[in-house]
Amino acid sequence: RKVARGALPRPGSERPPLDTPYRAPATQTQQIIASCFSDTLRTDGIGIDDDFLDLGGDSLLAMQLSMLIEQKLDTPCSPDLVYRHRTVAALDKRLIAKQAHDCVVPLQPDGERPPLFCLHDEYGEVLIYRHLAERLAPKQPVYGVRSVFSTTIETPKMRLEEIAASYVDQIRQVQPDGPYRLCGNCFGGVVAFEVAQQLRSEGQDIGFLGLIDTAFPESIRAGLQKQIRIGMDIGQLLRLPVTDLASRIRKRSGHLLRWLRRRFQLNWRYSVPARRNQDGRSAQDNVQSASEYHKFISQQYRPGPYDGSLTFFRVTRRANHSGWRDVVGRELTIVELPGQADATDDPHLVEEPHVQSLAEALEKSLHRLADV
C-alpha cells in the first residue's frame, strides 16, 4: 500500500482514504492507543488496522508516539516496536502481555555467554527448567519465558504466532540482538521454533535452537491417519485368532474414539465464540485452561520452512523427529539420551533422572558455539 504524502489531510482532519477497511477500537486499551495515534499524527478517526506509515508517520513521530503510549499505559514501548507493529491492533496484542506481567524470568543469570531462553511448557510455567539451569551454571545464563496466560484469569484468544511475537519483543528487551539461543521441552519446543522463525524474519541470527522431546504438530487429518495405522497392520491382524482379532479391533477403536473426543472437545471449547468467555475461574482452573488452550493452538499451528539448524534431544527411539526434518533447511542434529523407550516409559527429559544427561548434551552444543 502506498499513500501520496501530499494528498494526506491537514493536521487535525479526519482519517484519510485508505485501502484498509475502518475498524473502531473495541477495548479500552485500543481506545487509548488509537488516541495516542490521533494526538501524534493530528488525525481523527483512526481505525485499529490503519498503518502508522500510511497515516504519515516517520521516525520522529514514532519516537513521539512511543513516548506517549508509555505515558498513557505505563508500559515500555520503543520506537522500534512502533515500526515493527504499526497498527493499533498489532501494538495492542504486543503490549497486553507486558501489562499483564513480565514473561522473561531469570532462572540462572550468571555467566558471560549469551543467555539460553527456555520456552514454557503446556501449563505455562518454566520451573521445570530449574534443575537444567542449575547444571548449566556458572557459565551459561538461563532465562525462562513463561506463558502470557500463566497469571491471568481471562481465557486466551491468541494464535501461537501472536503469542510467540509477544515473546520475541520481551526476549529482545533482555538481549537486543543475536545470536540467540532458544530451547523448549515438548510444547515449549513448538513455541521456540516459531520464536526462532520470527527472529530470523527480523534479520536476527539464531545461534542455537534445541527441541527437547517435541512432537511435530499434526493436523486432525494427519493425526487420524496415524491413529488408524497404529496397531492396525493388516498382515498382522489376519494372522490373529478371531477372538484376539475382535479384542484388538475393539481396543483400538476405543482408543481412536477417545482421541477424537479430546481433539474435538478442544476445537469446540475454543473455536465457538459463545464458549470463549468463562467468568469466575479460579487460578487452578486457569492452569488447566492454559494447558488445554496451548494444546489447541499447537494443533492449529503449521510449522513453515526454517532456514536454520536444529538440535533434537530425545530418549533413544522414543520421539519421532521426521516432521521436523521435513521443514529444517540446514542441519538437523539428533542427540540420543540414555533411557528406556518402552511403551510404559514416559520420561520428562528436563527432570530427574534424565536432566543430567540433557545438561551434558546441551553443554556440549553450547560450548561448541562459544568456541566458534
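Visitor: At what angle does helix α7 run to β4, one of the strands that it lies across?
Guide: This is a predicted model, in which local features need pLDDT of at least 70, side-chain atom pairs count only at pLDDT 80 or more, and totals for chains, interfaces and linings use all residues. Residues are numbered from 1 along each chain as its sequence is written, and side-chain values use heavy atoms, with hydrogens and water left out. Helices (H or I, at least four residues) and strands (E, at least two) are DSSP runs numbered from the N terminus, and contact means heavy atoms within 4.5 Å. Helix α7 (residues 187–201) lies across β2, β4 (180–185), β5 (206–212) and β6, and with axes fitted to C-alpha atoms, for helices over the stretch in contact, and angles taken from 0 to 180 degrees between N-to-C directions, α7 runs to β4 at about 155 degrees.

Visitor: Which strands stand at the edges of the sheet?
Guide: Two strands pair if DSSP finds at least two bridges between them, and by mixed pairing seven strands form an open sheet in the order β1-β3-β2-β4-β5-β6-β7. A strand with a single partner has one side left without a neighbour in the sheet, so the edges belong to β1 and β7 (332–337).

Visitor: By how many degrees are neighbouring strands of this sheet turned against each other on average?
Guide: The value is an average over neighbouring strands of the sheet, and it ignores their direction. Taken in that way, the turn is 25 degrees.

Visitor: Which residue in β3 is the bridge partner of L116?
Guide: Strand β3 (residues 142–145) pairs with strand β1 (residues 104–108) in the antiparallel sense over four bridges, and there the partner of V105 is G144. Strand β2 (residues 116–119) runs parallel to β3 and is joined to it by four bridges, and in β3 the partner of L116 is V142.

Visitor: Are the residues V142, Y143, G144 and V145 of β3 buried or exposed?
Guide: Buried means under 20% relative accessible area, exposed over 50%, and partly exposed in between, with a 1.4 Å probe and protein chains only. V142 and G144 point one way from β3, while Y143 and V145 point the other way, and all of them are buried.

Visitor: Which residue in β7 stands opposite L310?
Guide: Strand β6 (residues 310–315) and β7 run parallel and are joined by six bridges. In this pair, the residue opposite L310 is L332.

Visitor: How many charged residues does the contact of α1 with α2 have?
Guide: Helix α1 (residues 28–41) and helix α2 (residues 59–73) pack at about 145 degrees, with their axes 9 Å apart. Residues of α1 including I33, F37 and L41 meet residues of α2, among them L61, L65 and L68. Ala, Val, Leu, Ile, Met, Phe, Trp, Tyr, Cys and Pro count as nonpolar, Asp, Glu, Lys and Arg as charged, and the others, Gly among them, as polar. By these classes the contact has ten nonpolar residues and four polar ones, while the number of charged residues is two.

Visitor: What is the relative accessible area of R135?
Guide: R135 is found in helix α5 (residues 130–136), and leaving aside its neighbours within four places in sequence, R135 is in contact with E352, V355, Q356 and A359. R135 counts as partly exposed because its relative accessible area is 29%.

Visitor: What percentage of the residues of the chain count as buried?
Guide: The chain has 13 helices and seven strands. Of its 372 residues, the share that counts as buried is 46%.
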